[in-house]
Structures are given as structure tokens and as C-alpha cells.
Amino acid sequence: MHHKLLDLILILPAAALLFSIFTDVLWMSYLQLAVSVLVFLTVGAIAVSFNSITVFLGGFFFVDYINLVILITVSTLELFVAFYSFGYVRSEIAGGVSKRKFKFYYFWKNLFIFSMMVSILSNNLGIYWTGLEATTLATALLVSFNRTKESFEATWKYVIMCSVGIAIGLFAIVILYFTTSQVYGESMRSLSFINIMQAGAKLDKNFLMLSFILALVGFGTKVGFAPMHNWLPDAHSQGPSPVSALLSGVLLNTALLGILRFYQINGAAGIYYPKYFLICFGFLTIFVSAFSIIKQTDYKRLFAFSSMENMGIIALGFGIGGIAVIGSLLQIFFHALNKGLLFLSSGNVLAATHERRIDKIRNLSKNFPITGIVLLFGAMGISGMPPFAMFLGEIYIMTGVFRNDIWLGFLVFILLILVFIGLFGKVLKMYVGKANASDEEEDGELKTGSTGASHKTVIEAGLHPFIVYVPLIMLLFSSFLLFYIPYPFLHIIKSAAAEFGGRLIFK
Amino acid sequence: MIMEKIAELFIILILVSVVLNVSSPFIKFAIKLYSFQSLMLAFYILMGAVHFNSINLYGSFAITIIFKVILIPYFLFKTLKKVKMDKEINMYIGIPEAVVFAGSLTLLSNLIAQKIIKTGITFGSFVFTISLATFLIGAMLMITRKTLFSQIIGFLTIDNAIFLAANSITHGMPLLVELGVLFDLFVSILILSLLILNLRRNVAS
């Protein structure tokens, strides 16, 4: 494999970042398409020809099977989001948002993608940390893009909680550095992931364990694990929809990668009880998010809680080990795709109606024929129903959980059913529910006098075709993946799972 | 020997400045204290640099002075001037209770540090105790105070504690990593200041 190809993954987003400063927004949207397609093709070429761990750019960056899975996820979702943004920018500018504001949109989005790539590919844990904190900062101004009071408050919570969380993660890295510096001395090598893995059993076990717990709590804040999650629904629901899709789909996985790295290091040193921490946090996260989903009244928050639930399932899978790890790795990719399409299509509804509450949105089947269908089936897919790819990931994880402990399996299964009822029931109401009854009640109670506005039928014909059809294509792609997963991708998943000690039973 | 004593003095002054911070409701004073605290941290790093004669630590000293002692307090002062706020009024627990609480947190971190030493590794346990105490008191500041500025100060205190820990159990992180961390910290303070201004404007209008 060519090293230049690997350099290109970092160079392309950096180039897009530079272009976004100097270029007009509408030109930038074309350029962004080109860059995203190129990044996708580069990652595809790497994925096809990948056969062993490769170090590049002076040893500070590397690709192995695990970060390749996340890299594929990022580049695929980014491709769809770039196409969606193309239409999104045009419809928002037609709706009266200034061009200058969208210049910032592309600037911060590219900075976000760039720092995420740096973080994913870094071999050095210090650089990983820097990149992860940079993603928080780059997305901060995207979350407050609408400049409302709620969005500023959400951003505040997001930045302060994630910064403190990641600071605790830094503490974990400091302790790990102390441990490894007894083997390698105090240099950059002591932070290099590959070298740490090689040192393995020579490291002090108490301190490794301590560093894992600190990393789990610290980076876990950014993943959205249960006791530290309360920034997540606000931040993910306030940003523009393409940003929400990227935040939910890939940024959470980037933070999870940090925890997985510490998990791997503990595994290499022969410490096996970190897995109970992952199971515990995963289960708690599913539990909390399942009950939050049921009482949710805002649809973007609903999907944000669903991301939390899926991160819980993924963490649970990694904790259980074996076949569940394969499920978790598949879930990382499929969840990004499915959550992306949900956020993007709900963004269409939001853009046309300017209404966030579930009980105010009714009759999507008539007003938004395509977006409505995508939302409905997307909600089915995200809760793991068969015609969509997430079924595959979830079935692997559930098989692993049931094999491990049947009672835990039952509990998780009941929680997943709760999630399905909450999500699908609410979206179904939005899709077929009749608008009249609730509207009349509202008018009777409030006497706002704006009856004309609420009865106006909003149709999606006014929206740019890209933002209507991109989620649909993602939905079809997600359904297609259930029946046919390309062989190179399956190979990467299998090899990545092997690094956690997972095995594939058939095929 | 004498150098160690001087280094310990700097460390004690860090803890004193954090406890002073807990006991005072004035925000301007808190920012000054933070600057002072960072200066003490920088001097501690300088002592290490002279003692071990390490270029890494000299660099660390320089960037700590630039970012933590000068740039961050300067921007915080600038924001404070625009916001026109002088006193923290919203606190969940009163100042006397908070000071008692800070004292007990210091004791607690001493116990924790002793326990870690018992597992067999000995390092600058005194410094580690202080850094743990600073960490916990910083977290307490964030939890008990509602004003946005106090939360920033709490966050910065936590950050200083981690830097202190990095310099106590090791001789500081590699310079490149430290530079990245400080730069991120600086940008996050800029963004938080921007958010304070915007939130203020939204409340006013």
C-alpha cells in the first residue's frame, strides 16, 4: 500500500479547510463534494489493499484494522453529509440565512473533520487527546449555529462538560505515560500506542487499571455514557442537522476509540476485568436512555437519546467479547449510517416547519411523502428491525450477551423492546396522526390567533432535491448492506474483532 | 535539599491559592489567583528544569508562562470587563462550609495518595497529594458555583492539577503534547468567553 495514499486522508480535509476560508459558499459546496468523494475513494482504496498495520508521517500516525473501521465510517457518512449540505446550504440561503454565516459552517465543519481524522489515525495518545479536544472546540460554534438562547446554553454545557471529561482523560494519559516511561524512558515513544502494546505485560498492572478507569470516565463523558450524558441530547439536537448527523454518527465513535485503546492496552498486559466496567457502563447507558426515549417530546432529542442507547449497546458488545465484538464493530458503521439518515430527514421536517415538538408534527405521510417514509423506516432500522443493516449488528451482540449471561440478555432485550416502542410509536404518530384534534385544543387553550399558520400544509416540494433524496439513498444503502456486505469490509471487521479476541462462527 | 524545600513552597502556595479561591466570592480576584497559581506551577517546573537540566522542562516552563500566566488571564479579564460582573452570588453552599469541605478534600486526597504509595511505587507523594487536592477542590468549585466564570475557573484549576500531577509523577509530558494541550486549553477559553458574551446578550435583550 502506498504511503502517499495515507497522507492524503489528512491532507484532503486540511486543503478543504484552507479553501473554505477563501472561497465563496456556493463554490465551496462544489469543492466540498469533490473533497468528500476523494476522501471516500482514498479510504476505499486503502481498505481494499490493507493487509497490516502501517505507520506513516514520522510514526505519529498509523492505520490498523480497528481505526480503519472508524475511518470507513467517517468517510462514508461524510460523503452523504457533503451531498446533503450541498442542498441544505442552498435551501437555507433561499430561506434568508446570510452567506457569510455558511462560510463559517464549512470552515468549522472541515476543521471538525480534520481534527477527527487526526484523532482517529494518531499513533500517539497525546496527539489523540489534542485531536479529540479540538473536535469539541470545532463543533462548539456549529452547535450554537442558530444563535438562539437554547443553543448557546447547550453549547456551554457541551464545551464545559466535555472539556472537563477530556481533562480527566488527560489524567489517564499522564498515568499511562508514567507507567510506560519506566520501560521506555521519558520520550514520545512512551506515548506511542504500538510501542505500549509491545511493552504489554512489563507494565505496572495497578496503574494500568487506574488509567483505564480514568479514561473510561473521561472519554466516556464524550461518548455519552450514562451518568455523564446530560450534555448530549441538548448539543446533538441544537446544531444544524448535518452537524447533528456527524456528531451522533462518528464523533461518539472517535471518543469510544480512546477507551478501546486503553482497553486493548489492558488486554495486552493481561488485565481482564476492565470488561466488567464496559458491560456495566453499557448496560446503565441503555437503561437510562430507554426510559428517556419513552418520555421524550422533542424529535431531535429523541434521536439523540437513541444514539446514546446505541453507544451503550456497542460498549456492552465490546465488554462481552467474542462474537459480540463483531456485532459492535458492525454496529459502529451501521449506526452511523442509520442515525445519519434520521437526523438528515428530520432536518428536512425542521427546516420546513420550524417545529421541534413531536405532538406538533402530524400527517407526514401527506406533507412529506418521501421524508416521512424515510423517517418511519429509519426509526424501524435504528431499533434493529430486519430489513435494515443494524439488525445484523444487534443480532450478533444479543447472541453474545445471551451466551454470556441469560438474565442480562433478557434485561437488555426488554430494554430494546422499550426503545422500539418509544421510537417507532412516536414516529408513527408523526407519520399518520391527524393534525386537527390537537390543533383545535391548542387554539382553544392559548387563543394565539395564529390558526392560519398552523393549518397551512407544508409540502416538501419546496425543498432542494438533494436534501430529500440523500436520506432515501442512505436508507436503501442500509437495507442493501443487510443482504450483501462487500468482502474487504467483512475481512476488516473480522480482523479488527480478532484483535479483541473475537471469532466469527460462520462464513 | 534546599531546592526541594523551595519547590515544596511553590506547591504549598498552589494549594493556598486554590483554598483562597474557595473562600472569596470576587471573580476578578479569582482570575488573579489563577494567574498566581499558574506562576507557581511554572516556577515548580523551572526548579525541576534546573535540577534535571532538561530542555523539555525549560520549554514547558516557557509555554506555561505564555499561555497560563499571561494569555488566558488576559482574555478572561477582557471578557469580565465587557460583562461587568464582580461577585459570585449564586452558590449552592456558603463560603464557610465550602472552606471546611476543601479542607476535608485535602485530607481525603492525602489518604488516597498514601494508599497508592502502599502499593509499592514511590514518587513525589507530597506533590501528588497536593495535585489530587487541587483537582478535587477545582471540581467542587465547578459543582457548587453557578456563575459561568466560576465554572471556567474551576475547569482551569482542574487543568492545573493535571499539569502538576504530570510534573510530579513524571518529568512532564513530551513538549509537543504539552504544547497541543495548552493550545487547546487556550482556544477553549476563547470559545467559552465568546459564549459568555453571547449568553449575556441574550439574557439582556
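## A left-handed crossing in chain B

The crossing of helix 1 of chain B and helix 5 of chain B is left-handed (the near helix is turned anticlockwise from the far one by less than a right angle; clockwise would be right-handed). Helices here are DSSP runs of H or I with at least four residues, numbered from the N terminus. This is a predicted model, in which local features need pLDDT of at least 70 and side-chain atom pairs count only at pLDDT 80 or more, while totals for chains, interfaces and linings use all residues. Residues are numbered from 1 along each chain as its sequence is written, with chains lettered from A and ligands numbered from 1 in the order in which they are written.

Back to the helix pair: the axes of helix 1 and helix 5 (residues 125-144) of chain B come within 10 Å and cross at roughly 15°. That makes helix 1 of chain B roughly parallel to helix 5 of chain B (angles under 35 degrees count as roughly parallel, over 145 as roughly antiparallel, 65 to 115 as roughly perpendicular and the rest as oblique). The axes are lines fitted to C-alpha atoms over the stretch in contact, and angles run from 0 to 180 degrees between N-to-C directions.

## Who meets whom in chain B

From helix 1 of chain B, B:Glu8, B:Ile11, B:Ile14, B:Leu15, B:Val18, B:Asn21 and B:Val22 meet B:Phe126, B:Val127, B:Ile130, B:Ala133, B:Thr134, B:Ile137 and B:Leu141 in helix 5 of chain B. Residues are in contact if their C-beta atoms, placed from the backbone, lie within 7 Å. Sorted by class, the residues of this contact between helix 1 and helix 5 of chain B are 11 nonpolar, 2 polar and 1 charged (Ala, Val, Leu, Ile, Met, Phe, Trp, Tyr, Cys and Pro count as nonpolar, Asp, Glu, Lys and Arg as charged, and the others, Gly among them, as polar).

B:Phe26 sits in the loop between helix 1 (2-23) and helix 2 (27-52) of chain B. Is B:Phe26 buried or partly exposed? B:Phe26 is partly exposed, because 13 other C-beta atoms lie within 10 Å (20 or more would be buried, 12 or fewer exposed, and partly exposed is in between). Leaving aside residues up to four places away in sequence, B:Phe26 touches B:Asp86 and B:Lys87. B:Phe26 and B:Ile130 are 104 residues apart in sequence and 24 Å apart in space, C-alpha to C-alpha.

## A helix pair in chain A

In chain A, helix 3 (residues 65-94) packs with helix 20 at an angle of about 155°, and their axes are 7 Å apart. That makes helix 3 of chain A roughly antiparallel to helix 20 of chain A. Their crossing is left-handed. Among the residues making the contact are A:Phe80, A:Phe83 and A:Tyr84 of helix 3 and A:Pro465, A:Phe466 and A:Ile467 of helix 20. The contact divides into 10 nonpolar, 2 polar and no charged residues.

A:Ile485 lies in the loop between helix 20 (465-483) and helix 21 (487-499) of chain A. A:Ile485 is partly exposed, with 17 other C-beta atoms within 10 Å.

## Where the chains touch

How many residues of chain A are in contact with chain B? There are 31, and they meet 27 residues of chain B. Helix 6 of chain A gives the most to this side of chain A, with 16 residues. By class, the side of chain A that touches chain B has 19 nonpolar, 7 polar and 5 charged residues.

## Confidence in chain A

Chain A averages a pLDDT of 88, and 93% of the residues score at least 70 (pLDDT is the predictor's confidence in each residue, from 0 to 100). Over residues 438-455 of chain A, pLDDT stays under 50, and the model has 3 contacts there beyond four places in sequence.

How values were computed: Contact = placed C-beta atoms within 7 Å. Helix = DSSP H or I, 4+ residues; strand = E, 2+ residues; numbered from the N terminus.
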